Amino acid sequence: MNHQINIGFETEVGDKQAVEELVRTCALRVLESENVPFDAEIDVTVVDADSIRQLNAEYRGKDAVTDVLSFPMYEFHNGAPQEELDAEPDTGCVMLGDMILCYTRAVEQAAQFGHSPARECGYLTTHSVLHLLGYDHERNDEDTRLMRGKEEGNLAFLGLTREN
């Protein structure tokens with residue numbers, strides 16, 4: 001598959017190239033592990049706390065800083081599309097949606113949880129891509145277990161364990 005992960009930065013990060021590579025690697029891993037049978041595209045924007053707080057308030061009605069937001073273009077349920085998917089004429093890819101990653105919050109959470117910022121950014125990317133594919137940890141306990149298992153499985157495959 002020829003998946004495209006487009007990454008833009010609206011905030012400073014420690015090593016931009018490393019963050020970009022990590023996000024792309026994690027997103028592609030999820031698409032591969034889910035056997036997405038079409039060329040998919042995801043737009044990722046890395047932002048600061050103020051930006052994600054504003055987006056969270058505007059789109060979710062929650063005036064608080066969060067770590068990642070996912071804006072799917074299509075309705076999926078646990079990886080299965082629930083509607084017809086249309087490829088973009090210029091790229092030939094199906095636009096799955098947008099991911100907004102708050103780098104500053106990811107670094108804070110990494111320190112709080114006792115692992116690396118890379119592991120936290122990897123987790124948030126994996127989490128968001130799964131949301132774009134219709135997985136939802138808030139739906140019920142079974143779906144929570146399913147999503148968490150997929151997150152941890154993908155991170156373990158990439159060597160991004162809690163010890164890292």
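## Close-up views of a sheet and its helices

**View 1. Leu69 is joined to strand S6 through its bridge partner there, Ile100.** In this predicted model, the two strands concerned are S3 and S6 (residues 94-102), which pair in the antiparallel sense over five bridges.

**View 2. Four strands form an open sheet in the order S1-S2-S6-S3.** The pairing within this sheet is mixed, and its edge strands, each of which pairs on one side only, are S1 (4-9) and S3 (68-72). On average, and with direction ignored, neighbouring strands of the sheet are turned by 15° against each other.

**View 3. Helix H1 (residues 16-33) packs on the sheet.** Helix H1 touches strands S1, S2 (40-47) and S6, and its direction makes about 150° with that of S1. Helix H2 (residues 49-60) lies across S2, S3 and S6, and runs at about 45° to S3.

**View 4. Helices H1 and H4 (residues 117-132) cross at roughly 40°, with their axes coming within 9 Å.** Angles under 35 degrees would count as roughly parallel, and those from 65 to 115 as roughly perpendicular, so H1 and H4 are described as oblique to each other. The crossing of these two helices, H1 and H4, is right-handed. On the side of H1 the contact is made by Leu22, Val23, Cys26, Ala27, Val30 and Leu31, while H4 contributes Ala118, Cys121, Gly122, Thr125, Thr126, Val129 and Leu130.

How values were computed
Residues numbered from 1 in each chain as written. Predicted model: local features only at pLDDT ≥ 70, side-chain atom pairs only at ≥ 80, totals over all residues. Heavy atoms only, no water. Pairing = 2+ DSSP bridges. Axes fitted to C-alpha atoms, helices over the stretch in contact; angles between N-to-C directions. Contact = heavy atoms within 4.5 Å. Parallel < 35°, antiparallel > 145°, perpendicular 65-115°, else oblique. Left-handed = near helix turned anticlockwise from the far one by under 90°.
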